[in-house]
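Me: I'm new to this one. Can you walk me through it? Let's start with how the chains meet.

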Number of protein chains: 2
Amino acid sequence: MNNRKKPETEISNPARRKLLAGGLAASGAAAALAIGGRQAAAAAPDPAITKIQDWNRYLGDGVDERPYGFPSEHEKEVVRRSVSWLTADPKSSVNFTPLHELDGIITPNGLCFERHHGGIADIDPAQHRLMINGMVDTPLVFTMEDLKRFPRENRVYFLECAANSGMEWRGAQLNGCQYTHGMVHNVMYTGVPLKHILNEAGIKSGGKWILPEGADASGMTRSIPLEKALDDCLVAFKMNGEALRPEQGYPVRLVVPGWEGNMWVKWLRRIEIGDQPWQMREETSKYTDLMEDGKARRFTWTMDVKSVITNPSPQAPITHGKGQTVVTGVAWSGHGKIKRVDVSIDGGRNWETARLDGPSLSKSLHRFYHDFNWDGSELLLQSRAIDEAGNIQPTKNELRAARGQNSIYHNNGIQTWHVKADGSAENVEVS
Amino acid sequence: MNNRKKPETEISNPARRKLLAGGLAASGAAAALAIGGRQAAAAAPDPAITKIQDWNRYLGDGVDERPYGFPSEHEKEVVRRSVSWLTADPKSSVNFTPLHELDGIITPNGLCFERHHGGIADIDPAQHRLMINGMVDTPLVFTMEDLKRFPRENRVYFLECAANSGMEWRGAQLNGCQYTHGMVHNVMYTGVPLKHILNEAGIKSGGKWILPEGADASGMTRSIPLEKALDDCLVAFKMNGEALRPEQGYPVRLVVPGWEGNMWVKWLRRIEIGDQPWQMREETSKYTDLMEDGKARRFTWTMDVKSVITNPSPQAPITHGKGQTVVTGVAWSGHGKIKRVDVSIDGGRNWETARLDGPSLSKSLHRFYHDFNWDGSELLLQSRAIDEAGNIQPTKNELRAARGQNSIYHNNGIQTWHVKADGSAENVEVS
């Protein structure tokens, strides 16, 4: 992926070092470093300071080096990660978004979580077709170029797998928000409202459901009510400005805002219209929620209000010691915008309202911050989101009381990180 | 960059082909394809249809293949491009954003235009420091970790080089919006408001200007009024959620919303506070606007209201023939939000209001569309943006009348594409 060249030499630069030190001395600075009004770190001369001006001794790469850019070598640990024991084969598995390494609300395309049921289809867009059939006046087949002649929209939406946080149903399982909450991403889609395409074909009287079908080896199919299809679904071909990535359904996928990710059929090749749901594998044996009494909740499509603190967290400990500390995370709801996020540092006994920052968009991630002065004592960090429909993120125990522990889906319970005095953090549960 | 494997075989699938054809026949479809209510393309059996269901015969890549994702091989022409004759060396040159390949308002990080004056600095963030000195109460040195302890903000801003469209001053020069307008990108930045950092150091009485300095080989420096620094400038370390890319100033850059890109100092290592501008190279011999009378306009920082049609354009001709056609482009202004965009198909004699779509954010790109029924005749396509401050994008001749043709900077004139009957397009001027 990366052809980054190494620096050629490591020679220090005494002249520059002297100048810098002189500059600091002349201005009377004792190199005391205060953050947010508080003294912190690096009060003594810093060995690193002798190297900080060295970068400008070397001409760097020119514009001929990277037609398509890539991250710094220093960010090589910022990657999607999978868990080998989670599924039988990597072709039918999950690669989690590194939420603890991100900020803002946009997930960069290279880091969007991926979940496949038959591997990543490798599709030539010039050969790809989308067929509309079933209970329609005129069955139609569209090329990619045809699709791009309809009016387009651009919307930022989160996509969350129904199984996100699934292993938390039976207790704290995985040590890091990448694994507990990393089956979510948030990008700006460009696409055609599905209603335009369906209206072009003409829905016959009695048509009540659609069945989008993927062109991958799993032939993914899900039943979706026509009402949702005509409301805000998009047939999308771009994400964050550029073509969909192969693992996100290149060249075209369905966008089903606020609903579970499995319904956002990738590599979309066909949409059938019918008068009842099809009862496909992924809406019967999978993506249904088995209750305590042996019955299953079905058609639980909407992703409920949820949040997680991304920093600090097990993969992102506090390394700067006590003092001014930024706690941050993301919140989202399939019911609309996030209205408020609360943060607790004592396991839910007391709550403070967090600061929401950045664009507030419906069915999108929202970024929140809680800036506070850490006294170095142990913390039980939690966040609790409230959406504009008035839904409040529940505790895991409240969820278990309502639904038991058989399911792996739709766990939107409050997450707890135990931050220790040394700044390290662990996934725990509080009762 | 890309380790994508080729498909293993090209065997056709007669069984699947038959099924598909049968499905179409059974539903009575004549494969007539209508777009937006009009007949278009592919009315006859399509040879490609025999291949369209083949993708699902192969298991694709699994989640172990791409920890950090990359675009499809079919998108390999979607890259930044440079012009060899523009500067003496690629280490001091420009790589243009492929605007004609993008949609929405977010520029993906791998395609953001880059302009360097001494190549791309290769910086270890653990060693990097930011110094605040000059007319301050307490000179300070910050590590990257220190910076991340201040309260953060997330904002989407366009960054435009002052020389964008510079060659258009003396007539239509380059055949494609990537080259005429591709020195602009638009991302969500995460950073610390500069005012927090300056307040921490304490500005001495009489301090009126700041001088940000880059750690690259060019040691980029620009004078910025303190009023702007305390208003909306950010010290940013993330773009579109992830760390800044090296070519965008990794690990930290200045964000100067709405102002010319050269002032957004990359690889930021020092900010000096003074009582007057420093008269550096990049604000005297460069980035000043030479007028007809031999005098130069200086401190022309704000990027004025501007727009360009990205599709169709010389690099993105109309290939589908007449009928329903999407005209799209981007508009932006350093003065705030875009209020309206007009589109003309006859070289500015008649105008229609375009449809703005997607988030409308201050000092950000805005996406516009003009969906119309092309009769196949020649077009002189133009767009004209109006911002919330009431500024109207001028014609190039209006700009020339006011400022002559000596400068290469701050050309926000209306762009014209001559679309021919075959759908190809050319950069032209209309008088």
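Reply: One term to begin with: two residues are in contact if their C-beta atoms, placed from the backbone, lie within 7 Å. Also, this is a predicted model.

Me: OK. How many residues of chain A are in contact with chain B?

Reply: 115 residues of chain A are in contact with 114 residues of chain B.

Me: What classes of residue are on the chain A side that touches chain B?

Reply: There are 52 nonpolar residues on that side of chain A. Another 34 are polar and 29 are charged.

Me: New topic, sheets. What is the strand order in the open sheet of chain B?

Reply: E17-E18-E22-E21, so named in chain B, is the order of its 4 strands, and the pairing is antiparallel.

Me: Which strands stand at the edges?

Reply: E17 (306–311) and E21 (355–357) of chain B. Each has a single partner strand, so one side of each lacks a neighbour in the sheet. On average, neighbouring strands of this sheet are turned by 35° against each other, direction ignored.

Me: How many bridges join E21(B) to E22 of chain B?

Reply: 3 bridges, and the two strands run antiparallel. E22 covers residues 366–374 of chain B.

Me: Which residue in E22(B) does B:Asp357 stand opposite?

Reply: B:Arg367.

Note on methods: Residues are numbered from 1 along each chain as its sequence is written. Chains are lettered from A and ligands numbered from 1 in the order in which they are written. This is a predicted model: local features need pLDDT of at least 70, side-chain atom pairs count only at pLDDT 80 or more; totals for chains, interfaces and linings use all residues. Two strands pair if DSSP finds at least two bridges between them. Axes are lines fitted to C-alpha atoms, for helices over the stretch in contact, and angles run from 0 to 180 degrees between N-to-C directions. Ala, Val, Leu, Ile, Met, Phe, Trp, Tyr, Cys and Pro count as nonpolar, Asp, Glu, Lys and Arg as charged, and the others, Gly among them, as polar.
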